[in-house]
Amino acid sequence: MASHPTEYGPLKVLILEDSVKDAEIIRELLNDAGFSVYGDRCTSERDYLALLTKNRYDIILSDFSMPGYDAFGALAAAKTLSLETPFICVSGSIGEETAIALIKEGAVDYVLKDRLIRLPSAIQRALDDVRAKDARWQIEDALRESNQQFRTLADSGRALIWTAGTDKLCNYFNRVWLEFTGRSLEQELGNGWEEGVHPDDLRACLERYSTAFDRREKFSIEYRLRRYDGEYRWLIDDGSPRWDDKGVFIGYIGHCLDITGQKLVEAQLLKLNRTYAVLSSINQLIVRERDQTTLFTETCGIAVGQGDIAMCWIALIDMVSGRVRCAAHAGGRMLHTGLTESIASEHAGRMGPVGVTLRERKESICNDTGHEQDMAYWASAAAEAGYRSSAAFPLFIGDTCIGAINFYSSEAGFFNTEEIYLLGELSRDISFALEKIEHEKQRLRTEERNAEQARRLEESEAYYRSLVHATPDAIVILNEEGVITFASPNFNAVFGLAPDHVVTGSGITAWFHEDEREKIAHRITELFHGKGAHNAREYMLVKADAVPFWGEVSSSPLLGTAGEVTGALILCRDVTDRKKLQQELVQSQKLQSIGRLAGGIAHDFNNILGIILAYTSLMEKTRMTHEKYIERISGIDNAVKRGAALVKQILTFARKTDAVLEPVNLIELFRELLSMLKQTFPRTIVFEERYGGNIPNLFADRTQIHQALLNLCVNARDAMSSTGTITVSVDKLTGGEVAELFSSAADNWYVRITVADTGDGMTEAVKAKIFDPFFTTKEPGKGTGLGLSVVFGVVQTHHGYIAVNSVPGKGTTFRLYIPLAAHEPIALEEQVPVVVAGGSETILLVEDEEYLLDMMTMNFESYGYRVLRAQDGFGAVELFSAHSAEIHIVFSDMGLPGMTGLEAGKKMKAINPSVKFVFTSGYVSPDIRSELVSGGADGFVEKPYIPRVVLQTLRDVLDGVNIPGRAVGDVCK
């Protein structure tokens, strides 16, 4: 009987995981399951070995793959340093062969990260096994004390027990063993027991037994032993050497348990994981594919290629003749080639399981193709092809059965309850996809036939009723107390409930994250007090297993015949995957934008370099007064700053990060953007700027807003053939003014951003599609169709609205309405000049650029510092090793030849952990930022740097001063 988690007491866990977030999810999951968890987390082999050497743990949880280490290495170390501790692999993705190899090496289980719900039960099972083993060792100790007690105890338990003498021959088997095998003690003694071992397992079993016997060591063997009824059952045989009270070896004792059920469960789990993978792949196909033929062909291919399916085919019914045809096939030989019969004909039985499914409109399962009536016509052909099991499921469009999908397996009894449920879900998903495809065809046909508008109106009521049942969204109707009075069938699917679970009568707020419940309760109150519909807004929701997910929630009042509010309509859609896609679209558009601006940026850089070369040439060839010298140095300085600003703009485009909200001055952002665009757009395009007074800073993601404005301007440029005007404006509106345009607008203040052009304009048909991803009216190679889709995503992320006005031949105007967190401008802190102080410490300067090395050496020495120099990582480590006691701080470039600055820094830290480090680079990505922190960096200076800033940063680090903007943790914010 399984134990309850609370029976174990506090559980000390060692987690080998490089993701902090994943480790926290594991801890929370175990605590929620009833375990009291504490312990350690580590990310490297060194820390892991140190913790195993120093501490004892109840369980080890290890990610499969980490930088420089994997689960096989971790398992080997655990077997050496902590043999009795259960080891479980927790991985994002792991193949079947790798998982089986881990189990064979000694791991007790493996759990996929998208199936973490299995982890508590896996841990509980492992701890129960440890208890069982401890009990077994206690039994064996008791057996040594008294032979009589040994025999009594051995015969009273459930384990199969044997003993052997020093000659390796068995001299005792307990009653349980003899009852299991159905043989007498005389038949089993000596080597007689070998007759019951499965021939395929006997050799390995004897070799392991003999080797352990010679070494006098414990062993554990898994083999199949024939039971009294002739069935072979899997046993785990744990053997231990026996010693008398004087320490003399007297033989072995073995303890066997029947693990056939466990083996079957492991095999079923592997099979279910493959089925889940098939289900996931086909659902991804359903999301992206709109062509029925391709959908069918690839579905069959996935079922055969990724699952344990030997052959898969899809049958469709001709709705006019009733005849059946093969629409797609993959895998082994088709049994149903050339089908022409109608399902209503006397020959319909020749269609086997498919015929049954099409006639009865339900699944048809055959787990023994040689002996079931549905397969009688095809029995010999199925046997010849190696098919032992079959399962067919109906496909529907609406209430009409239009065909079936048929799976064949080479394994008898393959389709158990869980497989049937999952494949049934798959057939329903395909049916839903077919319905969507059919609806899309209908939509296109109705657009082309305006004459049938009256018929469309008459059918709308039936259409929307079926849409409620077919849509993947969760649709609910609430009363004024927020209680669910109606829930669409897909509510259970969206929130992870069983299909037959009833949610009517429960409160809607329970399905929202605790941080969102007050908001949705307030929204429901608004609906019943006359507040209009809300467009889709994102909320954090929770599934039945308490796992949070992002949902897009729309709400509107339901009105009675007299206009009174009779209920509230709520629609919820899981948009977790879409949010990830939006991030990818933004990144893709950034890269496209860089390509378009490359010419202008190159032009600016050439101008900058020309300025610097001109000034340096004048300084070399002409005599200068002090005033002229200062003037030319200032010109060079300004040109360098201009080049650094250009680099920063490029990095802003290329950087891929999550949304970072901060005060954004829209007017400054527009001026900065237009300054760049005026250099890159044709000179025949004129910009007009109109900014209202007292515009507050917008609390938003600067990069996303910058990208959206750039996309609108580029779109405006492309809309004009050669000449024209782009007008941009920014002003502030009240929430009431915006609500007149968008009834769901609920914030007090909004900023309105307008981008207008005098280009070709758009028709209503084109305007209806402009925000669809990949829709474009440009020639091939002239655009990806992502620009306006990215703009739409950015506006949604900031809970705003977008309006478009366009007239063919008269231009287009885009207006963005973004909520304001405050309606007064946010004051910027005044920058106070800093006086740089020198010092007498020793600095190790590492820089591969010789001019920079010489310049910074002179700069440091002029302020009193002593400087040691190196031009690569290897030289720096060698120099530091010789002078580690003298060096107070290391100033190093990150991009060094041979060995990076970060790698060299880690080696120097190993020599002297107390030395301080300041790194420099032209750009540091967010993933490198975390490495800087973990690597022990104390500061960072971005190139091109100002010597005064470098000196101040070093002085602050040496003095232990933390100045915002220079700390490593603030890099790339």
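**Close-up views of a predicted model**

View 1. An open sheet of 5 strands runs in the order β24-β26-β27-β29-β28, with mixed pairing; strands are DSSP runs of E, at least two residues, numbered from the N terminus, and two of them pair if DSSP finds at least two bridges between them. β24 (685-691) and β28 (801-807) stand at the edges with a single partner strand each, so one side of each is left without a neighbour in the sheet. From one strand to the next, the twist averages 15°, with axes being lines fitted to C-alpha atoms, for helices over the stretch in contact, and angles running from 0 to 180 degrees between N-to-C directions. The model is predicted, so that local features need pLDDT of at least 70 and side-chain atom pairs count only at pLDDT 80 or more, while totals for chains, interfaces and linings use all residues. Residues are numbered from 1 along each chain as its sequence is written, and side-chain values use heavy atoms, with hydrogens and water left out.

**View 2. Pairing of β27 with β29, and the helix packed on the sheet.** Strand β27 (residues 749-757) pairs with strand β29 (residues 811-819) in the antiparallel sense over 8 bridges, and Ala756 has Thr813 in β29 as its bridge partner. Helix α21 (residues 702-718) packs on the sheet, where it touches β24, β26 (724-734), β27 and β29, and its direction makes about 25° with that of β27; helices are DSSP runs of H or I, at least four residues, and contact means heavy atoms within 4.5 Å.

View 3. Val278, in helix α10 (residues 260-288), is buried, with a relative accessible area of 7%, where buried means under 20% (1.4 Å probe, protein chains only). Not counting residues up to four places away in sequence, Val278 touches Ile302, Ala303, Gln306 and Gly307. Val278 and Val304 are 26 residues apart in sequence and, C-alpha to C-alpha, 8.9 Å apart in space.

Methods: Buried < 20%, exposed > 50% of the residue type's maximum accessible area, 1.4 Å probe, protein only.
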